[in-house]
Amino acid sequence: MKFGKLLIALLSVSFLFSFNGCSKKETGPIKIGVILPLTGSKAKFGTMEKNAYELAKAEINAKGGINGRKIDFAYEDDTGKPDVGRAAAEKLINVDKVPMLAGGYSSSVTFAAAAVAQQYRTPFLVNTGSVDKITQPAAFNLTTKDGDKFYIYRMNPPVSEYASGLETMLSQVIKPKTVFLIHENTTFGTKGAKSFAKTAAKLGIKVLGTEAYSSGTVDFKPILLNAKKVKPDMVYMISYVMDAAMLMKQARELNFQPKLYVGAGAGFTMPAFKENAGKASEGVFSATLWHQTLPIPGAKAFYDNYIKKYGGDGPDYHGAEAYSAAYVVANVLKRCNGNYSKENIKKALDKTDMMTAFGPVKFTSYGEKIHQNKMTTYVVQWQNGALKLVWPKNLANAPIYYPIDYKKIWK
Amino acid sequence: MEMFLQSLISGLLVGGLYAIIGLGMSLIMGVLKIINLAHGQLMMVAMYVSWSAWNYLGIDPYLSVVLSVPFTFYLAKFLSKYLLNPLIEKDSILPENQVLMTVGIGMVLVELARFLFTSDYRSVQTSYTGQAWDLGGVSISIPLLIAFIVSLLLTAGLFYLLMKTDLGRSIRATAQDRLAASLMGVSAEKITVLTYGIGSALIAAAGTFFLPIFYLYPDVGPEFTAKAFVITILGGLGSTVGAITGGIVLALAETFGATYLSSGYRDAYGLVIFLLVLVFLPGGLKSLTKV
C-alpha cells in the first residue's frame, strides 16, 4: 500500500517535470518538428527536403551542435493533405512537445498547419509553402502591427514574387506581346496564375486565355488545343513535375510552337521533368529560386554533398530551401542562450540575419506581409539536357537560347 | 472542326485505355460482388514490373507484358485465395469485410512499392514515346493508338472467354447464383480465385500499355481505382461490352467538357454522366445492349 502511494507520488512528480521540457539541466538533443509530405503524390519533394534536413543535421551536429547539445528533427508526414497536415502539427506540438516547427511543402497543407502553430503560439519556419496569405497576418485575424503575436516565418518568397526575375527578362530581352496561362487548379496554381496575369498587365502583355487542370490528368490536348488556337507568343505554366512533363510532351505531339514556353518553378526545374519530357523539355524556361551555380557560398558544396550522400540527380531549389532552413533553425537556437522556450525562439527568429546556401535570410515586413524573407528570383532554361542559369545576365552561366528553333530541338 | 475532330479522337483513344481499366473491375464486381479497392494498386504493381524490366533488363515495355501479366495474375490469385476467400466462408460481423480487406491490400502494396522503389517519379523512354501521326492537323498519339487496339482485342477475347467457353459459363453461373452454381458442380471457390486473377491480369495489361503514355509512382493507383469504379457502374456490372462503352463515354465526356467548357472541372463531367446514368439507367449502359 505504502509502496503504491509512493509510486503514484513519484509518477505525478515526474509527470510535472515532463512538462518542463526546457529545463537547463537537459543535455539530450533539442527536438524540432518538421512537417513534410513523405508519402502521397508529392512524396518526391518531401523526401528531397527531408534528405536535405538530415544532411544539414549531420553537418551541424558534427560541428558541435547547439552550444554542445545535438539538434534533432522529428518528422511528421502530411501526405499532401491539409487535414493530415493539421493533425501532424497538433501531434508535434502537443505530443512531441517541440518548441518550434519547420518544413511545410504544399501551400494548402502549410496554411492549415500554420493555423495550428498560430493557435498554440509555436514558431513555425515555413521553407516552401508559397501561397501569399501564409505570411499575411490578415489571414489569421491579425494586423501587420501584430508582429509579436504572429508566429509564422517564411524563407521562400511568396508565389506572387516567383516571377520577379522573369519579369525583367521578359521586359528587357524577349518582349512577348501575348501570353496563355495554364495552371493546376490548386491554391498554388490559381494564385500564381492570378498574380502573373497582374504582372503581364504591368508589362503590357495581353492574356489571351487561362486554363486550369487537375493534377494527374492523362490528356492535356484539349487545353493545349485551346491555347494553340489563339496563337500566343508565350505559354506560362504553373505545374508540378509530372504534369509539366505531360504538358510539354503533348505540346510537342501537337506541334504547338509559341515563341517560348515558361514554367513557374515547382516542377520545371526538376531532373525528373527532363527525364520524362525528353526532347520536349528543350528550350523551356522556368523561374527558379535557386541554382547550384549561383555565387552563393555553400550552394555548390550542398549540391555536391547531397549527390554524394543520396545519389541521383541532385537537389533543386526545394532541397536548398530545406537545407538552409535547418541552418536557420540551428542559428536561431544558438542565439537562445539555453532557454528554448517558444517565446525566446520567436524573439531570436525576429533578429535573424544570416547567410545560407539559399541566399541571405532576414525576416522583414512589407505590404500586407510580415516575417517574410525577401529575395531575388532567377530564370533557368533547359539547354542540351542541362538546366542553365540564363538570367540575371551578370550571374548567368549560359546565354539565353532565343529565338527557339523547334524544328531543330524537337527532332 | 479540327478541334472537334481532335477532341473526338483524343477522347476515343483515352476511352480505350479507360475501358481496359474498367474491364477487370467489372468482372471482379460481377462475380465476387465486391468493389475491388486494390484495383489501381494492382495496376501500379504491374507498371513497376514493366518499368523494372525496361530499366534493368532493357526489355521493351510492350514486350514486358509477358512478365507483368503473369506476375500480377499469380499475385492476385494468391491474395484472393489466402486473404479474400477466407472472409467469404466466415459469417463476419460486417459483410463489407472483403472490401476493407482490399483497402488493406492496396495500402500494403503501395508502401511495399515505396520501400522498394522510393517515391521518385518513373517513366520509360522508348523510340515511340511522344510519337504522333499528323492527319490533316489532327494528332494521333501512337502509344495511345496501340493501347486502344489492345483494349479492343482484350475486350473481344474476354467476351469470347465468357460466352463461348466452359470456364466462361462457370464464371457467369457463379456470378448469377453462387449456391446454384455449386450445386451444379462448379467449384465456386476456384472460380472466385480465378476471376480475381483474370480481373487483375487485365488491369496489369492496362498498366503495361499505359506506362509509355503516363508516368509511375507508388501512389498512382487510387485515381484509377475511382475511374474503374465509375466505368463499371456506367457500363453495368460484369459486362464486357458495357465496360468498353462505359470507358469511352467517360473519356468523351471528359475530353469534350475540357475542350468546350473548362478543363478545371474535367472530373466533374464524368461524374455528371455517372449520376445521370444512375438515375435514368440504374442497370448501366448494358441494359441497352442486353449483353
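Visitor: What pLDDT does chain A average?
Guide: This is a predicted model, and chain A averages a pLDDT of 88. In that chain, 94% of the residues score at least 70.

Visitor: And where in chain A does pLDDT stay under 50?
Guide: Over residues 19-24. For that stretch, the model has six contacts beyond four places in sequence.

Visitor: Okay, next topic. Which domains is chain A divided into?
Guide: Domain 1 covers 27-157 + 296-373, and domain 2 covers 161-288 + 377-409. Taken over C-alpha atoms, the centres of domain 1 and domain 2 of chain A are 29 Å apart.

Visitor: How many residues of the two domains are in contact?
Guide: 10 residues of domain 1 of chain A are in contact with 11 residues of domain 2 of chain A. On the domain 1 side, the residues that touch domain 2 are three nonpolar, four polar and three charged.

Visitor: Now the sheet. What's the strand order in the open sheet of chain A?
Guide: Seven strands line up as β7-β6-β8-β9-β10-β14-β15, and the pairing is mixed.

Visitor: Which strands stand at the edges, and why is one side of each left without a neighbour?
Guide: Those are β7 (206-213) and β15 of chain A. Each has a single partner strand, so one side has no neighbour in the sheet.

Visitor: What joins β6 to β7 in chain A?
Guide: Seven bridges, and the two strands run parallel. Strand β6 spans residues 178-184. In β7(A), A:Thr210 stands opposite A:Leu181. Helix α7 (residues 221-229) of chain A packs on the sheet, where it touches β6, β7 and β8 (234-238). The direction of α7 makes about 175° with that of β7(A).

Visitor: And β14 and β15 of chain A, parallel or antiparallel?
Guide: Antiparallel, with five bridges between β14 (residues 378-383) and β15 (residues 386-391) of chain A. A:Gln381 has A:Lys388 as its bridge partner in β15(A). The two strands form a hairpin with two residues between them, and A:Asn384 takes a positive phi near 50° there.

Visitor: What about a hairpin in chain B?
Guide: β1(B) and β2(B) form a hairpin, also with two residues between the strands. In the turn, B:Gly136 has a positive phi of about 55°. Four bridges join β1 (residues 132-135) to β2 (residues 138-141) of chain B, and these strands run antiparallel. B:Asp134 is paired with B:Ser139 in β2(B).

Visitor: How many residues does each chain give to the contact?
Guide: Chain A gives 33 residues and chain B gives 31 residues. Elements giving two or more residues on the chain A side include α2 (43-62) and α8 (241-253). The most comes from α7(A), with six residues. By class, the chain A side has 12 nonpolar, 12 polar and nine charged residues.

Visitor: Last one: is A:Ala280 buried or exposed?
Guide: A:Ala280 counts as buried because it has 26 C-beta neighbours inside 10 Å, and 20 or more is enough for that. A:Ala280 lies in the loop between α9 (271-277) and β10 (285-288) of chain A.

Visitor: Which residues is A:Ala280 in contact with, leaving aside its neighbours within four places in sequence?
Guide: Among them are A:Met248, A:Arg252, A:Trp410 and, from chain B, B:Gly130. A:Leu247 is 33 residues from A:Ala280 in sequence, and their C-alpha atoms are 9.2 Å apart in space.

How values were computed. Residues are numbered from 1 along each chain as its sequence is written. Chains are lettered from A and ligands numbered from 1 in the order in which they are written. This is a predicted model: local features need pLDDT of at least 70, side-chain atom pairs count only at pLDDT 80 or more; totals for chains, interfaces and linings use all residues. Two strands pair if DSSP finds at least two bridges between them. Two residues are in contact if their C-beta atoms, placed from the backbone, lie within 7 Å. Axes are lines fitted to C-alpha atoms, for helices over the stretch in contact, and angles run from 0 to 180 degrees between N-to-C directions. Domain bounds come from an automatic or database domain assignment. Ala, Val, Leu, Ile, Met, Phe, Trp, Tyr, Cys and Pro count as nonpolar, Asp, Glu, Lys and Arg as charged, and the others, Gly among them, as polar. A residue is buried if 20 or more other C-beta atoms lie within 10 Å of its own, exposed if 12 or fewer, and partly exposed in between; C-beta atoms are placed from the backbone. pLDDT is the predictor's confidence in each residue, from 0 to 100.
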